[in-house]
Amino acid sequence: MFTNPLIVKILDHYKKIWAIDTLKALSAWDLEVYMPENGAYFRGQAMGILGTMQQKLLLDNKFLTLIKKVQNDKLNIYEQAVVRNLNRVIEKNKKIPSKLLEEIEETTNQAQIEWRKARENNDFQQFAPHLKKIVKLLRQKTKLIGYKTHPYNVLLDDYEQGLTVEKLDIFFGEIEEPLKNLLQYVQRSSKHTEHHTLENLKYDKGKMRELNNKVLAYLRADKTRLRIDESTHPFTESISVDDVRITTRYTDTNFQNSLTSTIHEYGHALYELQINKDLTTTPLGGGVSLGVHESQSRFFENMIGRSKGFLNIFLQDIKALSPQIAKYVENEGIDGVYRYFNMVKPGLIRVEADEITYHLHIKLRYQIEKDLIEGNIQVKDLPAIWNETMENLLNIKPKSDTEGVLQDIHWSLGAIGYFPTYSIGTFNSGLIKYELEKSIGMLDNLIVNEQGIEKIQAFLKDKIHKHGSTYTPEQLLVDHFNSKFSTQYLINHLEEKYKKIY
Ligand SMILES: [Zn+2]
């Protein structure tokens, strides 16, 4: 894979940067799962220092000279990708002073804890000063890195290479109408209901944990390389190719939320677990972008986890969640459970949103982030702006900050520019399903067939996972699929599915 002697030297030096990365990932996981809340201050300082150590290693003169020199050599695709990926981060890092990096790290480590408290207390103003500082620091970053048309493009590019406001305006413009039309269709159907009995039934958390573990076993999760814990906001952290962590959450009611969170995160985890091991410790060793990552998680969550065949496999386990749930399932059978997992109704919470309204939640966040970074709106006004936009897009209004502007962890992490990748990723999953079915058979059959899951995973590994960051996100999809990105694949999938249910 890597034979050029200069590349070998480059990778040898890079291994130190990678080593810090793995510990930063472990620390990020720990912060969400185990760390006592007062640990944030000194943890933030330590992470800030590790970040600047990485930056020093990255901007080391000898290292930069090697990279410059090797560009005259004839390189294979992996070696070319190493140079391309390194140049991308080096160019950005050259423009950001280590002081700013440290400040971002310290601010966000503290902000995460403050966000959690503010969310519990339903008090946005408690979180506001921290968010204000984050926005200020990120605006500074966009100025230092520089941009042609919009400062937000700088942040978008961190999560999805090449993604811009210009592209997203077209994207959201294109999907809003068909989604709203489909929503209207569903709402007008005689089968549509605003509520589902299963939403409000309590479940036994121990049994739910068992169900989550059974689902992971069905998905062929390798527990020697993967573990599952609990956190406020489910997430995946890859420590290394042989150590990937996912989390899920348990609430009192609405058990589908815990199940779909587990499957969603497993989709992310599988991507990281199936990357070619020879790429570990190199700049190609991780998933290529969030848009591609979310295509994997949303594929598992929606296309597999919300399918009738999949739910039918676990019907007995669902019945075991509580006597009330068992009674419902006995009366209504699989069709009732299937309708519950595929209920369509405008709601307040993004992670609980159905496949149709989900993207309107993302559009709301996209608009707010774009305006914040441009300086058109102020942090203190966010609750009011949030509630008003929510009413415009989904015709409902949050009664509290917790179920409104405070619901997501992302801003406290400094992850502004992240949200649009959820929608881009979901629409990529439409293309992936289309290509998968063309190549290995109908998904509904694969889900219920012996070896079907193995076939799906092998397909994803071959087309996407094993390559790590060898290709740009666009190249990966264009080169490995016969079809080009289009919003139509997912729209077709949604129309076909929901016109069958409603
Ligand atoms: Zn995700």
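**Close-up views of a predicted model**

**View 1. I501 in helix α21.** I501 lies in helix α21, which covers residues 488-501, and the model in which this and the following views are set is a predicted one. With a relative accessibility of 10%, I501 counts as buried, because the cut-off for that class is under 20%. When neighbours within four places in sequence are left aside, the contacts of I501 are K191, Y338, R339 and N342. A further pairing across the sequence is that of I501 with M343, for which a separation of 158 residues goes together with a C-alpha to C-alpha distance of 9.5 Å.

**View 2. H192 in the loop between α8 and α9.** H192 is placed in the loop that runs between α8 and α9, the latter being residues 205-218. The relative accessible area of H192 is 13%, and H192 is therefore classed as buried. Apart from its neighbours within four places in sequence, H192 is in contact with V186, Q187, V344 and Y502.

**View 3. Helix α16 and the elements that cover it.** Helix α16 is formed by residues 382-394, 13 residues in total, and from its first C-alpha to its last it reaches 17 Å, close to the 18 Å expected at 1.5 Å a residue. Its buried residues are L382, P383, W386, N387, T389, M390, L393 and L394. An α-helix has 3.6 residues a turn, so residues three or four places apart point the same way. The cover over the buried residues of α16 includes α6 (124-145), α8 (165-188) and α15 (358-374). Just after the helix, N395 adopts a positive phi of about 65°.

View 4. Helix α7, residues 152-159, is mostly covered, with seven of its eight residues buried. These buried residues are Y152, N153, V154, L155, L156, D157 and Y159. They pack against α4 (77-95), α6, α8, α11 (290-304), α15 and α17 (420-440).

View 5. Not counting residues up to four places away in sequence, D158 touches K92 and K141. D158 and G441 are 283 residues apart in sequence, and their C-alpha atoms are 35 Å apart in space.

**View 6. The whole chain as the setting for the close-ups.** The protein contains 21 helices and three strands, and along its principal axes the C-alpha trace spans about 70 × 50 × 45 Å. Its radius of gyration of 23 Å agrees with the value near 23 Å that a compact globule of 502 residues would have. Of the 502 residues, 58% count as buried, and among contacts with a separation of 6 or more, 75% are made by residues 24 or more positions apart. The exposed surface comes to about 21,700 Å², of which carbon and sulfur atoms supply 49%. Positive and negative side chains number 66 each, and the centres of the two sets lie 3 Å apart.

Conventions
Residues are numbered from 1 along each chain as its sequence is written. This is a predicted model: local features need pLDDT of at least 70, side-chain atom pairs count only at pLDDT 80 or more; totals for chains, interfaces and linings use all residues. Side-chain values use heavy atoms; hydrogens and water are left out. Helices (H or I, at least four residues) and strands (E, at least two) are DSSP runs, numbered from the N terminus. The radius of gyration is taken over C-alpha atoms; the globule rule is 2.2 Å times the number of residues to the power 0.38. Buried means under 20% relative accessible area, exposed over 50%, partly exposed in between (1.4 Å probe, protein chains only). Contact means heavy atoms within 4.5 Å. Accessible areas come from the Shrake-Rupley method with a 1.4 Å probe; for residues, only the protein chains shown count as cover. Lys and Arg count as positive and Asp and Glu as negative; His and the chain ends are not counted. The place of a charge is taken as NZ of Lys, CZ of Arg, CG of Asp or CD of Glu. The expected span of a helix is 1.5 Å times one less than its number of residues.
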